[in-house]
Amino acid sequence: GATVAENGAVVNSVSLVTFDLEAAKAHVREWAGKNSVRILEEEALAREFGGFKPARAGIAFGAERQASLSCFCFNAKGAPNHVVATALGEHLRTLYGEAVAVDPAVGFTAVHGADVRTMRAATLGKIGQRLTAKGKCLVVIGGAAVDLLGDKSLGQTWLVANASDEAKARADRVLTLPFTEGVIEGLELLSCVGTD
């Protein structure tokens, strides 16, 4: 099957959208300078979600992004800095609106280069159709209305606890934990399906 990344904007390592990654990085650098937050240039390509622990506080850019920008915010001990991630996310929302995603628990802020709703919906729809045709089910674990499957016959949507009330009302299941912890909860539940 196809490898889908960056909310459906990249398929098999080919970007389907045009995104000015350097301009987005410049916005982050400008905000960081005004707020006395270091950009970890020498560690500028952080491995995403694990395996990276800088020796200094600051912001590291995520590796291997083509159609979006990911930023990982760290404190002086190398732990996630939720305060910086949240403040950076608020600033970037003034520039990029709903294209910004923030997960303070892991110090993560991202700017998506595509209309996330359109790209994700189209990509998940195609995946759901292919799985359904093979007698399988798609389960989407997410945190926002953009993660909801438009056609419930294609699969289920499980949302993390911090999703909006409106989105949770339309979800097939609401998980008990927020942010990344909720995604992990959902994956653990999926790994138990069919093992009884």
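Author: The discussion below moves from the chain as a whole to its charged side chains. This is a predicted model, in which local features need pLDDT of at least 70 and side-chain atom pairs count only at pLDDT 80 or more, while totals for chains, interfaces and linings use all residues. Residues are numbered from 1 along each chain as its sequence is written, and side-chain values use heavy atoms, with hydrogens and water left out.

Reader: How many helices and strands does the protein chain have?

Author: Helices (H or I, at least four residues) and strands (E, at least two) are DSSP runs, numbered from the N terminus. Here the protein chain has 5 helices and 10 strands.

Reader: What share of the residues is buried?

Author: Buried means under 20% relative accessible area, exposed means over 50%, and partly exposed lies in between (1.4 Å probe, protein chains only). Of the 196 residues in the protein chain, 40% are buried. Accessible areas come from the Shrake-Rupley method with a 1.4 Å probe, and for residues only the protein chains shown count as cover. The protein chain exposes about 10,600 Å², of which carbon and sulfur atoms supply 54%.

Reader: Which residues of helix α1 are separated by about one helical turn?

Author: E22 and K25 are 3 residues apart in helix α1 (residues 21–34), and therefore about one helical turn separates them. Their side chains form a salt bridge at 4.0 Å, N to O; E22 is partly exposed at 48% relative accessibility, whereas K25 is buried at 11%. E30 and K34, also in helix α1, are 4 residues apart, again about one helical turn. In their salt bridge the closest N and O atoms are 3.3 Å apart. E30 is partly exposed, with a relative accessible area of 45%, and K34 is exposed at 64%.

Reader: Which residue forms a salt bridge with D165?

Author: The partner of D165 is K168, with the closest N and O atoms 3.8 Å apart. Both lie in helix α4 (residues 165–170), 3 residues apart. D165 is exposed at 64% relative accessibility, while K168 is partly exposed at 22%.

Reader: What is the nearest side chain of opposite charge to E185?

Author: Lys and Arg count as positive and Asp and Glu as negative; His and the chain ends are not counted. For E185 the nearest such side chain is R173, 7.3 Å away. E185 is buried yet has no salt bridge. This residue lies in helix α5 (residues 179–192) and touches L175, T176 and L177, not counting residues up to four places away in sequence.

Reader: Where do positive charges gather on the surface?

Author: Patches are made of residues with over 30% relative accessible area and no salt bridge; like charges are joined within 9 Å, and nonpolar side chains (Val, Leu, Ile, Met, Phe, Trp, Tyr) within 5 Å. The place of a charge is taken as NZ of Lys, CZ of Arg, CG of Asp or CD of Glu. K126, R130, K134 and K136 form a patch of positive charge on the surface. K126 lies in helix α3 (residues 116–133) and is exposed, with a relative accessible area of 52%.

Notes. Contact means heavy atoms within 4.5 Å.
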